[in-house]
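Dear colleague,

I am handing over the structure below, and I would be glad if you kept it open while you read the notes that follow.

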Amino acid sequence: MSTNKKISVIIPAGGVGKRMKYNTPKQFICVNDKPIIAYTIENLSKVKCIDEIIVAVPKDYIAYFNNIIKEFSLKKVKKVIIGGATRQDTVYKCLIDGVKNEFVLIHDAVRPLIDTNIVKASIDEAYKYGASAVGKMSTDTIKIADENGFISETIDRNKVWLIETPQIFKTDLLVSAHESAIKENYVGTDDCALVERLGHRIKLVLNDSINTKITYRDDLKVLEAFNK
């Protein structure tokens, strides 16, 4: 990796994690006395070319998160803003708030175990192709169902990827993708979906390590086991 690369990071942490069924948004749940989001930021901060982290959190948690930044010395966090109504809104708010670098990395607040070597590899691929995304190839057979719940098609699993984060893009490309989506009232499930609509190809980076997205209570046990 070239030493002159500088990457901005956006962490959209504005959600409340209803499936977790906690009173606290899941990104702020503590595991071994540390909030999940702190693990995530600490991990990303190990990548030297990442020099700016922008985090969006719910309005009522701004002060709480600022205390987390101080307590765990999360020095690469440069901006904290209020999240939008949706994840897509939140990412766009962060983008227009002033991302300073040519490339921006989007990462889920509740994927605290991402391998830093995978982050570096995805950054390299983004610099080559303008966009990259981390994921795993499917090991399961994929079926398409009809409206009545019967199998209508079997997909070649060798072509199926389960997409994760980080996802990395040229900043101006991602801004254009979001603005196009706003204009056409399109909502995607991730940032790749928005960029795909512009016809830009996204390089996939195989992740063969654990990158669990903390979604359910049992997922907390995975993070706990890695941080005993």
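A residue is called partly exposed when its relative accessible area falls between the two cut-offs, under 20% for buried and over 50% for exposed. Please keep in mind that this is a predicted model. Lys170, with a relative accessible area of 30%, is therefore partly exposed, and Glu102, at 48% relative accessibility, also counts as partly exposed. The side chains of Lys170 and Glu102 meet in a salt bridge, with 3.6 Å from N to O. This pair links distant parts of the chain, since Lys170 belongs to strand S10 (residues 161-170) whereas Glu102 sits in the loop between helix H3 (87-96) and strand S6 (103-106), 68 residues apart.

The whole structure holds 13 salt bridges, and another one of them joins Lys5 to Asp124, whose closest N and O atoms are 2.8 Å apart. Lys5 lies in the segment before strand S1 (7-12) and Asp124 in helix H4 (residues 116-129), so this pair ties together parts that are 119 residues apart in sequence. Lys5 is buried, with a relative accessible area of 10%, while Asp124 is partly exposed at 22%.

Asp218 and Lys221 also form a salt bridge, at 3.6 Å between the closest N and O atoms, and both residues are exposed.

Notes:
Residues numbered from 1 in each chain as written. Predicted model: local features only at pLDDT ≥ 70, side-chain atom pairs only at ≥ 80, totals over all residues. Heavy atoms only, no water. Salt bridge = Lys/Arg side-chain N within 4 Å of Asp/Glu carboxyl O. Helix = DSSP H or I, 4+ residues; strand = E, 2+ residues; numbered from the N terminus. Buried < 20%, exposed > 50% of the residue type's maximum accessible area, 1.4 Å probe, protein only.
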